[in-house]
Amino acid sequence: LLSDPATAVDVALLATRSLDPAIARRARVIVTRLGRAATAPLAAAVSHDDPLIRASAVRWLSDLGTDAALAAILPLIGTETEFEPLYEMPMALGRFGPGAAADPRAALLALRDDSSHATPSGPARALAMAQLGRVLRAAPETRAAGIPVVIAGLTDEHLYVRTRAASILTE
């Protein structure tokens, strides 16, 4: 199975739909063993019809941590409409380190709950704010660019986004 990365990734992604957590863990092991060879099939999977498959693809791409993996995730910002991938994106972007994905995390914060999203984007914005806070703590040189984004979060329609923004400003 590992000699054919596209098939291995397809099988692993389908396995994530299992209700048995052990199967999902084994699926992740397969993708981990493939390493960078999984990049292209995972990048293709971010446009899969199933939002759970897209979410897994985003998560596993971020585990790879490569520029190609980040490039596959970025087009989802502002276009993804389903909860599962939206929820996964801030955490995934956070795995790329302080500099690589700071602007994309800020872009996630710009999402609003409107008719363009099948599900509310508030939880994704809250996670993005938390990730931005981690970046600002880890890389103080990014504070000048990040603080205006945090201040804008103080006016978010969701309390949990406002709360996370306020906690960043009081650190």
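Helices are runs assigned by DSSP that hold at least four residues, and they are numbered from the N terminus. In this predicted model, α4 is followed by glycine 65, whose phi is positive, near 70 degrees.

The secondary structure of the chain comes to 10 helices and zero strands, so that, under the DSSP assignment, the pattern read along the sequence is α-α-α-α-α-α-α-α-α-α. Of the 171 residues of the chain, 45% count as buried, and residues 24 or more positions apart account for 59% of the contacts with a separation of 6 or more. The accessible surface comes to about 8,200 Å², and 60% of this area belongs to carbon and sulfur atoms.

Helix α4, which covers residues 51-64, has 14 residues and spans 20 Å from its first C-alpha to its last, close to the 20 Å expected at 1.5 Å a residue.

Elsewhere in the chain, Ile151, Leu154 and Leu169 make a nonpolar surface patch of about 220 Å². Leucine 154 is placed in the loop between α9 (143-153) and α10 (159-169). Because its relative accessible area is 33%, leucine 154 counts as partly exposed, a class that lies between the limits of 20% for buried and 50% for exposed residues.

Notes
Residues are numbered from 1 along each chain as its sequence is written. This is a predicted model: local features need pLDDT of at least 70, side-chain atom pairs count only at pLDDT 80 or more; totals for chains, interfaces and linings use all residues. Side-chain values use heavy atoms; hydrogens and water are left out. Helices (H or I, at least four residues) and strands (E, at least two) are DSSP runs, numbered from the N terminus. The expected span of a helix is 1.5 Å times one less than its number of residues. Patches are made of residues with over 30% relative accessible area and no salt bridge: like charges are joined within 9 Å, nonpolar side chains (Val, Leu, Ile, Met, Phe, Trp, Tyr) within 5 Å. Accessible areas come from the Shrake-Rupley method with a 1.4 Å probe; for residues, only the protein chains shown count as cover. A salt bridge is a side-chain nitrogen of Lys or Arg within 4 Å of a carboxyl oxygen of Asp or Glu. Buried means under 20% relative accessible area, exposed over 50%, partly exposed in between (1.4 Å probe, protein chains only). Contact means heavy atoms within 4.5 Å.
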